[in-house]
Amino acid sequence: MSYYVTTPIYYVNAEPHLGHAYSTMAADVLARHMRQRGEDVFFLTGTDEHGEPIENAAEREGVTPQELADRNAAKFEELLPIIDVTNDFFIRTSDPRHAEKVAEIMQRVYDNGWVTKGTYEGWYCPRCADFKTERELGPGNTCPIHEIALEQEREENWFFRLSAFQERLEKLYEERPDFVIPEVRRNEAVAFIKGGLEDVSLSRPKLKWGMPLPWDSDQRMYVWFDALLNYVTALGFAREGEDLTERYWPADMHLMAKEILKFHAVIWPALLWAADLEPPKRMAIHGFLLMGEKKMSKSLGNVLDPFEVIDRFGSDALRFYCFREVSFGQDGSISTAGFESRYETELANDFGNLASRVLAMVDRYRAGVVPKAAIDAVLEEDFEGVVERFSELLDRAELTQALEEAWKLVRRLNRYVEETKPWELAKDEADPERLDEVLYNLAEGLRVTTLLLVPYLPRSADQLLGALGEESRALAELGSHPGGQKVERVPPLFPKIEPPA
Ligand code: MSP
């Protein structure tokens with residue numbers, strides 16, 4: 001089966017920060033996991049390069065919007081291998097191939113009669129590139145996200161006839177209760193729809209840095225239309241000479257944080273219908289990474305630089321920490337102190353030490369060959385059905401809960417070591433079969449657990465699976481390997497971290 005997963009495409013008005021890396025890493029966890037399940041995965045990320053935020057930022061810096069876009073898009077792209085992200089394509093909306101597809105699709109929307117002309121008057125946030133409804137205003141007509149004063153705008157616009165899709169959207173949400181997850185976000189989308197949909201502005205006469213409307217070159221397309229369409233257009237040109245649309249559309253999973261819910265959960269399905277395309281299968285909405293009490297954001301000046309964090313802790317630790325510390329779907333604070341503590345107690349002690357001990361004991365007591373033995377009944381129950389449980393959680397993008405399922409096994413295996421005390425069994429070899437059994441169960445438990453952890457800890461899991469003599473990355477149940485394989489010791493997976501210079 002195909003599995004198409006996307007991240008939001010990020011604005012290039014500034015460099016990437018950890019908040020952007022967070023969504024991209026989350027999508028990567030899903031992509032890697034689905035590949036382990038043998039799915040035909042396509043994973044898209046990229047940059048959103050048009051619109052006022054970029055135009056304004058470029059002006060402030062005295063460069064052209066394209067120059068700014070080129071510079072910052074490169075930073076977003078450079079970050080990907082550093083956080084071990086395995087995207088299949090990186091889309092940039094200033095790519096002429098994207099523009100060509102957008103023009104084609106929007107012309108279809110126009111031809112189908114879903115566009116009208118009108119006057120727009122209202123509060124506009126230049127940072128969100130979004131008109132705010134009365135319900136969305138912060139105190140004193142400010143933007144609740146950027147905490148800046150909004151501008152009162154009045155202009156001649158083309159409108160997308162969103163209001164015409166009211167009933168169809170209501171029906172979509174009734175028929176597909178998990179179209180938007182988690183439920184609180186679904187309810188938010190439904191409430192927004194039920195509140196009564198108004199037509200949305202599709203173009204802006206004052207905007208310079210945007211795509212011209214195919215039917216009216218005096219107006220530039222409002223950036224959100226050009227941006228949302230990336231999920232479809234990319235499939236048309238990601239592979240030279242091949243159109244992947246049939247193979248991957250509709251998308252299986254759009255990932256994003258909650259501030260762009262309305263665009264994806266309300267406007268996007270309607271726009272797709274207007275263009276004779278199917279809406280995506282599902283979208284999962286996550287919360288914000290906070291520093292202190294506030295959303296990490298460049299404009300608030302409280303960002304953690306992912307490049308620096310990785311220099312100190314490594315990318316596995318970053319991925320692990322983000323999904324472990326902050327319950328995926330909710331807002332949560334992160335801090336350097338938090339990184340350090342989870343790194344030491346969970347990665348270095350719980351997991352790293354377990355791995356070193358198991359490999360060392362098999363090496364010392366059985367010359368590096370995992371004995372062939374049976375599953376110990378005391379472990380059976382804890383491992384029973386774990387692949388299914390874990391997979392179901394990730395189908396619903398429950399990244400934190402899935403990680404906890406795997407971590408329960410890490411803790412269980414540590415207890416098993418303490419309970420069975422293999423070093424005592426090895427002292428007098430009165431019962432060599434029991435030592436065989438314990439070592440087999442430890443190696444097998446570690447193999448099964450590490451396979452689950454591949455998407456979260458791709459580097460160390462790969463290294464450890466190599467040391468355990470496992471070549472396949474397919475998920476496995478306890479006992480599916482008979483033993484008999486050769487293992488090797490590895491240097492500590494999570495060595496002590498040096499304090500910053
Ligand atoms: N360009 C639009 C999205 C268009 S998608 C068709 C946009 N760009 S953005 O650069 O502002 O990125 C927003 C997304 O970045 C969020 O939805 C989220 O995925 C991620 N995050 C940015 N800051 C974040 C946090 N502090 N915490 C969690 N995610 C964050 O909106």
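Welcome to a predicted model, in which local features need pLDDT of at least 70, side-chain atom pairs count only at pLDDT 80 or more, and totals for chains, interfaces and linings use all residues. Residues are numbered from 1 along each chain as its sequence is written, and side-chain values use heavy atoms, with hydrogens and water left out.

**Around the ligand**

- The ligand is surrounded by 26 residues (a heavy atom within 4 Å), and the closest are Ile 9, Tyr 11, Ser 23, Asp 48 and Leu 289.
- By class, this shell has 15 nonpolar, eight polar and three charged residues; Ala, Val, Leu, Ile, Met, Phe, Trp, Tyr, Cys and Pro count as nonpolar, Asp, Glu, Lys and Arg as charged, and the others, Gly among them, as polar.
- Strand S1 (2-11), helix H1 (18-36), helix H7 (223-228), helix H8 (230-237) and strand S12 (253-257) each supply at least two residues of the shell; helices (H or I, at least four residues) and strands (E, at least two) are DSSP runs, numbered from the N terminus.
- A nitrogen atom of the ligand lies 2.8 Å from a backbone N or O atom of Leu 289.

**Thr 6 in strand S1**

- Thr 6 sits in strand S1, and it counts as buried because its relative accessibility is 0% (buried means under 20% relative accessible area, with a 1.4 Å probe and protein chains only).
- Its side chain makes a polar contact of 2.7 Å with the side chain of His 254; such a contact is a pair of N or O atoms within 3.5 Å, and within protein one must be able to donate a hydrogen and the other to accept it, while residues adjacent in sequence count only if both atoms are side-chain atoms.

**The two cavities**

- On a 1 Å grid over the protein atoms alone, a cavity is a set of points where a 1.4 Å probe fits but cannot get out, and lining residues have an atom within 4 Å of a point.
- The largest cavity has a volume of about 60 Å³, where volume is the space filled by probe spheres set on the points, which are joined across faces, edges and corners.
- Its lining includes Tyr 10, His 20, Phe 76 and Phe 90, and helices H1 and H3 (65-82) each give two or more residues.
- The lining of the largest cavity divides into seven nonpolar, three polar and no charged residues.
- The second largest cavity holds about 40 Å³ and is lined by Ala 317, Phe 320, Tyr 321, Phe 339, Arg 342, Tyr 343 and Leu 347.
- Helix H13 (336-366) gives the largest share of that lining, four residues.

**The second largest pocket**

- This pocket (an open set with protein on both sides within 12 Å along at least five of seven lines) has a volume of about 450 Å³.
- Of its 26 lining residues, Tyr 120, Thr 133, Glu 198, Asp 199 and Val 200 lie nearest its centre.
- Strand S4 (115-125) gives the most to the lining, with four residues.
- The lining of this pocket has 13 nonpolar, five polar and eight charged residues.

Terms used. Buried < 20%, exposed > 50% of the residue type's maximum accessible area, 1.4 Å probe, protein only.
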